[in-house]
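Dear colleague,

Please read them with the model open beside you.

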Amino acid sequence: MSDGGDGGSREGERTDPGGASAVLDGVAADGANVAIACQGGGSHTAFTAGVLRGLLRNWREDDTLVGLSGTSGGAVNAVTAWYGLTTAGSGRACDLLDAVWDDIAAETPTERWTNDSFVWLNRVEASGFPVPRVSPYYLPSAKRAQREFREVIERHVDFATIRDLCDRGDYPHLVVGTVDINGGEFETFTDQDITAEAVLASAAVPELFPAVEIHGHYHWDGLFSQNPPVRDLMHVAPERKPDELWVVQINPQDREGLPTSPDEIADRRNELSGNISLNKELRFIEQVNDWVAAGRLPESEFSQTTIRRIELDQRFDQPSKLDRSRDFLIDLMDRGEAKAEAFLAGR
């Protein structure tokens, strides 16, 4: 990982209030409260960074961003965008997203060789060839990679100021999803409770990284539970409830034909694991919409929410979620930005 990029507005001050207000404070009566939920998916979530960049650069002034959530790589993007937006506006949020992914990219010859070898080994394993596995708890490289990942996040997000930012203004609700290993339940961290450890836990893929201890129990990657968290975005004050929920979806929803080869089965299993919990939560929102339309719920407490998906429309294999090659990440970000612009134009 490179050492480039600065840490942003380390004092937590809004250096460009006007830039933020266009996104955070809607002004027109016909504007919508918008929440954005970012699905996890490793390196594929560079697409999400591009989507957020495209959305924030072309934000409609009468809409208000009321919530951001994410799991794993989606959490990295959500927290980075939220921090940039609340401290210095949408331009700074876009710059921080670029800087974080610039640091994540494999840069040095050693990093590129290690990255290519790791992706290749995972493709061999996905094809059905037996590959010996070692627990990340016995690999110094796994702990070192996790430590470097934390350094990247803390280089660009000053977590010490998040509590003050949440207390100071009417900023978007921020949610990070993890899994409580000991309790066997999903656990979300919200607003003031979000720390570097929470983001690290959300991205702690069990086969790759050690679990992260928070509040006396251990956490794994939130891909097992809420991917991404949606429920917390809806449980807010009535005036802050989203009229629209935009889901940035990494895993393809549909697939033609039957997966039969070991790598096809592995790919589809991975895709389904990330979508089933999401679809369950979205169906509940649709059910609430039906109840509100039928007059079964009080409109003073419940409102209808339109669900819109911004999907990665290119299919990649599961091992590519581990690929940190710069060209691959840049291509995904460009795809995401173009997809966001098309989404807004057709909205």
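A residue is called buried here if its relative accessible area is under 20%, exposed if over 50%, and partly exposed in between, using a 1.4 Å probe and protein chains only. This is a predicted model, in which local features need pLDDT of at least 70 and side-chain atom pairs count only at pLDDT 80 or more, while totals for chains, interfaces and linings use all residues. Residues are numbered from 1 along each chain as its sequence is written, and side-chain values use heavy atoms, with hydrogens and water left out.

With contact meaning heavy atoms within 4.5 Å, residues 24 or more positions apart account for 79% of the contacts that have a separation of 6 or more.

Ser320 counts as buried because its relative accessibility is 3%, and, leaving aside neighbours within four places in sequence, it is in contact with Ser43, His44, Arg123 and Phe328.

Turning to the aromatic residues, a search of the whole structure finds four aromatic pairs; rings of Phe, Tyr and Trp (its six-membered ring) pair if their centres lie within 6.5 Å, and planes under 30 degrees apart count as stacked, over 60 as edge-to-face and the rest as tilted. One of these joins Trp59 and Trp246, whose ring centres are 5.6 Å apart with the planes at 50°, so this pair is tilted. Trp59 lies in the loop between α2 (46-57) and β2 (64-71) and Trp246 in strand β7 (residues 244-249), so that the pair links parts of the chain 187 residues apart. Both Trp59 and Trp246 are buried, and together with Phe343 they form one aromatic cluster.

Phe316 and Phe328 form an edge-to-face pair, with 5.4 Å centre to centre and 85° between the planes. Phe316 is partly exposed, at 21% relative accessible area, whereas Phe328 counts as buried at 13%.

Methods:
Helices (H or I, at least four residues) and strands (E, at least two) are DSSP runs, numbered from the N terminus.
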